[in-house]
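Have the sequence and the 3D view ready.

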Amino acid sequence: MSLIRRDAADYLDDDDAIIAYLNEAAAQDDPKLLQAALGDIARAKGMSGIAEQVGVGRESLYKSLSDTGNPSFQTVARVVRALGGRITITTAA
């Protein structure tokens, strides 16, 4: 049996899919998963353009949003904003 590795960025081609993906990642209460989802979305949208909007180098953003990265909250908030999103807080269900 052979497994095919899929890249989530290949499937994030419209805003509805992106928001659903990001919301599902956020719902898991796993910061690393949310970080990875932000990285997938940034790659889907174009990492260079997102990095420019955030005010960091492309390689720095790749590293920050990798599974070994440790982005600051400021970086995460700027990435969310550059992706057209907004961080909101709701009561836990």
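Start at L83: leaving aside its neighbours within four places in sequence, L83 is in contact (heavy atoms within 4.5 Å) with L38, I41, A42, K45 and I50. Before going further, note that this is a predicted model, where local features need pLDDT of at least 70 and side-chain atom pairs count only at pLDDT 80 or more, while totals for chains, interfaces and linings use all residues. Residues are numbered from 1 along each chain as its sequence is written, and side-chain values use heavy atoms, with hydrogens and water left out.

Buried means under 20% relative accessible area, exposed over 50%, and partly exposed in between (1.4 Å probe, protein chains only).

Now find Q35, in helix α2. Is Q35 buried or exposed? With a relative accessible area of 8%, Q35 is buried. Its side chain reaches the backbone oxygen of S66 at 2.6 Å. Not counting residues up to four places away in sequence, Q35 touches S64, L65, S66, G69, N70 and P71.

Next come the charged pairs. Side chains of opposite charge can pair when their charged atoms come close. Counting a salt bridge as a side-chain nitrogen of Lys or Arg within 4 Å of a carboxyl oxygen of Asp or Glu, there are 4 in this model. One of them joins D7 and R43, with the closest N and O atoms 2.8 Å apart. This pair links distant parts of the chain, since D7 is in the segment before α1 and R43 is in helix α2, 36 residues apart. D7, D40 and R43 are linked in a network of salt bridges. Another bridge runs from D15 to K45, at 3.4 Å between the closest N and O atoms. Because D15 lies in helix α1 and K45 in helix α2, the pair ties together parts that are 30 residues apart in sequence.

Finally, look at the loop between α1 and α2, where you will find D29. D29 has a positive phi of about 55 degrees although it is not a glycine, and at 70% relative accessibility D29 counts as exposed.

Methods: Helices (H or I, at least four residues) and strands (E, at least two) are DSSP runs, numbered from the N terminus. A polar contact is a pair of N or O atoms within 3.5 Å; within protein, one must be able to donate a hydrogen and the other to accept it, and residues adjacent in sequence count only if both atoms are side-chain atoms.
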